[in-house]
Amino acid sequence: MTTTASTGTSPLADARALGLAHYAARGVLEHVLTRHGITFQQQIALRAAVTADARQTPEELVAQVRGFLKADPADIRTTLDELLAKELLVADGAHLRPTDAGRELLAAVGADTAPVTARVWGGIPAEDLAAAGRVLALVTERADAELAALTA
């Protein structure tokens, strides 16, 4: 019998539980992103550009976003073109860099999601977060290895 945390017994983590948690959190984020006029993939690409240690070429940015989302490179290039058209990214020679508007948009999204994030994650004991972090890192590593084997 499967029970939930609300009944006092926590379910075991599995692919379904991970997927449900992902889509629940993503649904919240996409609601906020829609209000700001960008998509989930655009936000991921823009965040990658904003947080990069060095300027990136479009292909470097495509590779980084592909590593995060496992999305088709052609779709990611389209996303970069959309961000350029919205003037959230700008070409700087052979590189792409975020504009002030792009940085401000991410800051606004962060401000809008912060209270929700606090409610969702608040009150979870640090040791539970650490255990979940270890498990999620291992699942990511193994799934990335499986995907690499499937696409080799």
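A salt bridge is taken here as a side-chain nitrogen of Lys or Arg lying within 4 Å of a carboxyl oxygen of Asp or Glu. The structure is a predicted model, in which local features need pLDDT of at least 70 and side-chain atom pairs count only at pLDDT 80 or more, whereas totals for chains, interfaces and linings use all residues. Residues are numbered from 1 along each chain as its sequence is written, and side-chain values use heavy atoms, with hydrogens and water left out.

View 1. Glu30 and Arg26 form a salt bridge whose closest N and O atoms are 2.6 Å apart. The two residues stand four apart in helix α1 (residues 15-35), and are therefore separated by about one helical turn; helices are DSSP runs of H or I with at least four residues, numbered from the N terminus. Glu30 has a relative accessible area of 31% and is partly exposed, as is Arg26 at 26%, where partly exposed falls between buried (under 20%) and exposed (over 50%), computed with a 1.4 Å probe on protein chains only. Arg26 also lies over the face of Phe40, at 3.8 Å from the ring centre; a charge counts as over a ring if NZ of Lys or CZ of Arg is within 6 Å of the ring centre and within 35 degrees of the ring normal.

**View 2. Arg77 and Glu59.** A salt bridge joins the side chains of Arg77 and Glu59, with an N to O distance of 3.0 Å. Because Arg77 lies in helix α4 (residues 73-85) and Glu59 in helix α3 (residues 58-69), the pair ties together parts that are 18 residues apart in sequence. Arg77 is partly exposed, with a relative accessible area of 35%, and Glu59 is partly exposed at 44%.

**View 3. Arg55, Asp92 and Arg97.** These three residues are linked in a network of salt bridges. Within it, Asp92 pairs with Arg97, the closest N and O atoms being 3.4 Å apart. Asp92 is partly exposed at 29% relative accessible area, and Arg97 is partly exposed at 37%.

**View 4. Helices α2 and α5.** The axes of helix α2 (residues 40-51) and helix α5 (residues 100-121) come within 10 Å and cross at roughly 115 degrees, the axes being lines fitted to C-alpha atoms over the stretch in contact, with angles running from 0 to 180 degrees between N-to-C directions. The two helices α2 and α5 are therefore roughly perpendicular to each other, a term covering 65 to 115 degrees.

Note on methods: Parallel < 35°, antiparallel > 145°, perpendicular 65-115°, else oblique.
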